[in-house]
Amino acid sequence: MFASVELSSYRDQHFKGSRSEQERSLRDSCTLYVGNLSFYTTEEQIHELFSRCGDVRVIVMGLDKYKKTPCGFCFVEYYVRSEAEAAMRFVNGTRLDDRLIRVDWDAGFVEGRQYGRGKTGGQVRDEYRTDYDAGRGGYGKLLSQKIAPNTDNR
Amino acid sequence: MGRRKREDSSDEEGDDCRQKRTAETTVKTVEQLMRELSFPGHTPLELKLGNLGYLLGKGMSVDLKENLINELVICLGYYPGQASAYATLVGLINVADFEFGSECLLFMAHKVGESVHIRDWNRCRGVVHCMVDLYHCQVLPSSYILKLLAAFLKDCEALKDPDDLVGVTPQIRRDFLAYCVLSAMPLIGRDLEGETAFDKLIVSLQIYIKKRSALHTNMLSVWPDFNQRDYLELLWQQVDGMRQNHWAEPEHQLIPRPYKSFSETLSHGRIHQLRDYDLAAHEERCRYPLPRVCFRIFSCDSVGEIPNMPPPVSIERHLLEAHILDILISFHKERKICADSLLMYAASKPQLPVYYCIVEVILGEMLRLPTANWSTIAYGSILVELCKRQPDKIPQVVAQALDIIYNRLNSMSVACFDRLVNWVSHHISNFGFNCQWSKWAQGLPSPIDPSATNLQPKVVFLRELLKKCFRLSYHQRIKDVVPDILADFLPPPVLPHFKFVDETLPGAILSKDLLEAMRSPQASPEMISEIIKSSTGIGPLLKINVFTQNCLHLGSKSFSHTFGILRKYHSVFKDLVAGDPERQAAVLNGIFDVWVASDQYKFVVTEKLVTGLIIEPISVVRWIFGPSMRKELTKIYIWELLHSALRHLKRVQQKIEVVDVDDPSACDPVVKGILFTIVQRFVKTLCGAPFADEGTEEHYWFQWVLGRLEETLFIYADDFRVINNKLIKMSEDASDLRPEISKTIAAFVACVM
């Protein structure tokens, strides 16, 4: 039976350390990764929702590498592990700004991880997205670029 | 175990490895199957039990027995609502291996006593119910069951000499023991009716219920004006109703009896004769569940007739609610499994309005006094899950519940208020912020007065709810869903107020100089410190105020910007404030000036400075109970701030020294000191309020703040227990001034200590 607080399959490919070190960090962590946020969701909203589970030490907003604007994810750190677990149990898969957000264990924020790793500056997932998402800048980047020349032609 | 090539191992060694792996697999399999007896799924319980019984009937290794016996008690603690299933399992084990059956029984009997001492009350009840059901499984004789239950009631019977024991055995212990017995009665009543020892138990219970104090009922009622019943008293009435009906089995198979499917097999078991049971006596360190009051919103007088709803005093109502609560106890940490279990339970009783009972039980647990067992969002996320799965049924029930609660706000205990507001805001944020806004607007006293001086409960509820919705969303979104009639209740946009743009104000010159310096790329803490120190003509308190307001003004774009500024100039704050109470108040003054329009910012920024060790928790206390905050005391954020500061203090003190959590007299003296100060400030603030006629602003204010005092006593009951002598003395002294205050403190002391 899969428990809400189990580790997911995601692993940070840029983690400095061995696989087992990352696993250990994940099991002891008080830090969560939060995904599928709208680009317009504010830090204040995130604070309000996540502080329902416990005292939040810090929130780091994920930013577009070039534009330095929010690009749909963040890190939330609690003072204690049990309160982070509560967020995994009760916030993961619920709505913020009418969007289902995803909450996952994170090995711990380090400087640089707040930036999108996609080619165009945002998250990788938005490079290839084929659906239209008004909260995340419209179509995926690849598709947007294909559409643009047609617009020019027209 | 390292891998070894097959060719290199001898046959004997290979066999040994295979046997070990098989044994290990069997142990894990059995453990999992035992837990799965309680998990929701489409496999009938009887089939699961049959499979497990078959597996065990093939023979049990020593390892398997050891693990099984421990797993049994673990399961009874996690899944007390499934005691009958585990009793059936023990019955099947007993048929397969009489000696092992005996070991199980002795282990369970031992664990009953241990459970009381380690405060695992669910396990205690689970084991008791399991042992009672073992009578039905042909494992235990009725004589043993009767002695077990009598041992539990021994302390209750001692009331015949009240002067001897009443001071030694707390009522909450006797209540808990009586509850274990009373809740077991429906399982066994029909079989034991007519036995002298059983009738004696009934008489003991009846006398105990009649004699015990129920003074806590008013204090623990969510709605004191709505005649909420003491839980144990109501349970007696429900069980007695069944007794008067000759213990007729309740309809709809509300008492699970899975062992009936195995009657033939179980009849081959041999009954065990155990020595008499003795429950360990009360010790100073022991703790017991607090008394509780039945939460009731769905009854004839509140919503009219709900088809087939069992009456509140019926045993059916109790059994429904107890089963739902047991599901919550087992699965509250896994909201999807919890929702699955609840919905399967509802589906198994199609003639009963189980959805109403589910919503009622969840809300009752969430709003429970003195405190809920779990966080508000735990209950809230289960309700969201249920609404998603049954969108055409459960949301309507939740809406009905909300209407009832809304219409009872005038009577609702303030100690439940924050939980209610937090729950509603979170719930509707998952459903587009849609709810019965217009209906609630119509329920307001007319003419509708949205002014800040209107402290009527419904008005404050709507105002605070809208603020919370704002925090979870944004201004335009909420404006779009709220009807025009409530437009004046909306909080203002979250914008900072920076008064030093007015250059005629004292401090404006310094503010301007600081702004220019702080905006320059070369700004450094040393530079800023120098500017502040070298400015003349204004005192240190105003300097601190100006500096604070400048920081917040510059950082007002977001929390991160604010925190970044505070972090950058942390050393400047440290130098300026230097632990001085007046200077800390000057910082707070600055925060509350700039962020007058945002409760969230006031709370979060202050919290950040508390955790950043600029502002001490005691300064927060002084500020909250100071004159400038008087009108704010009816708002939620003030109490969020107070409790956050106390949590910070506890975290700090826990790092400094180790406190024995099991020692009832242990409580950090720093925490004790500040808690006592808080109560003193409450009393002083309340005593300073003028006497006011009912229905006036002043009267409402007094009720809100008195309720916050009660809430604070509730939240820190464990800490206050250590200083109850001081509280008693305070309530006696305070009786010279305002009876409501001394009554609140005295009621708390009587209820919780």
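Guide: What follows is a quick tour, topic by topic.
Guide: This is a predicted model, where local features need pLDDT of at least 70, side-chain atom pairs count only at pLDDT 80 or more, and totals for chains, interfaces and linings use all residues. Residues are numbered from 1 along each chain as its sequence is written, chains are lettered from A and ligands numbered from 1 in the order in which they are written, and side-chain values use heavy atoms, with hydrogens and water left out.

Visitor: How many helices and strands does chain B have?
Guide: Chain B has 37 helices and 0 strands. Helices (H or I, at least four residues) and strands (E, at least two) are DSSP runs, numbered from the N terminus.

Visitor: What box do its C-alpha atoms fill?
Guide: Roughly 95 × 80 × 55 Å for chain B, taken along the principal axes.

Visitor: What share of chain B is buried?
Guide: Of its 753 residues, 56% are buried. Buried means under 20% relative accessible area, exposed over 50%, and partly exposed in between (1.4 Å probe, protein chains only).

Visitor: And what about contacts along chain B?
Guide: Take contacts between residues at least 6 apart in sequence: 76% of them join residues at least 24 apart. Contact means heavy atoms within 4.5 Å.

Visitor: Which domains are assigned in chain B?
Guide: Domain 1 (16-268) and domain 2 (333-489). Such bounds come from an automatic or database domain assignment.

Visitor: How many residues of the two domains are in contact?
Guide: 16 residues of domain 1 of chain B are in contact with 17 residues of domain 2. Their centres, taken over C-alpha atoms, are separated by 35 Å. Between them the domains bury about 1400 Å², 68% of it on carbon and sulfur atoms. Buried area is the accessible area (1.4 Å probe) that two parts lose on being put together, summed over both.

Visitor: Which residues of domain 1 lose the most area there?
Guide: In domain 1 of chain B, Val222(B), Trp223(B) and His252(B) lose the most to domain 2. Together they give 42% of what that side buries.

Visitor: Tell me about His252(B). Where is its place?
Guide: In the loop between helix 12 (231-244) and helix 13 of chain B. His252(B) has a positive phi of about 65 degrees, although it is not a glycine. It counts as partly exposed because its relative accessibility is 28%.

Visitor: Which other residue has a positive phi?
Guide: Ala578(B) is one, with phi near 50 degrees, and it is a residue other than glycine. Ala578(B) is found in the loop between helix 28 (570-577) and helix 29 (581-594) of chain B.

Visitor: Why does Ala578(B) count as exposed?
Guide: Because its relative accessible area is 58%.

Visitor: New topic. Where is the peptide bond that is cis?
Guide: It runs from Leu369(B) to Pro370(B), with omega near 0 degrees. Pro370(B) lies in the loop between helix 17 (354-366) and helix 18 (376-389) of chain B.

Visitor: Now Leu134(B). Buried or exposed?
Guide: Leu134(B) is buried, with a relative accessible area of 0%. It is found in helix 6 (residues 121-136) of chain B. Leaving aside neighbours within four places in sequence, its contacts include Ala87(B), Val90(B) and Leu105(B).

Visitor: How many residues of chain B are in contact with chain A?
Guide: 35 residues of chain B are in contact with 27 residues of chain A. The area buried between the two chains is about 2800 Å², of which carbon and sulfur atoms give 45%. In chain B, Arg335(B), Ile377(B) and Leu472(B) lose the most area to chain A, together 20% of what that side buries.

Visitor: How many residues of helix 2 of chain A are buried?
Guide: In helix 2 (residues 43-50) of chain A, 8 of its 8 residues are buried. Among them are Glu43(A), His47(A) and Phe50(A).

Visitor: Last one: where is Ile101(A)?
Guide: In the loop between strand 5 (99-100) and strand 6 (102-106) of chain A. Ile101(A) is buried, with a relative accessible area of 2%. Ile101(A) and Leu37(A) are 64 residues apart along the chain, yet their C-alpha atoms are separated by 6.2 Å. Leaving aside neighbours within four places in sequence, Ile101(A) has contacts including Leu37(A), Leu49(A) and Phe50(A).
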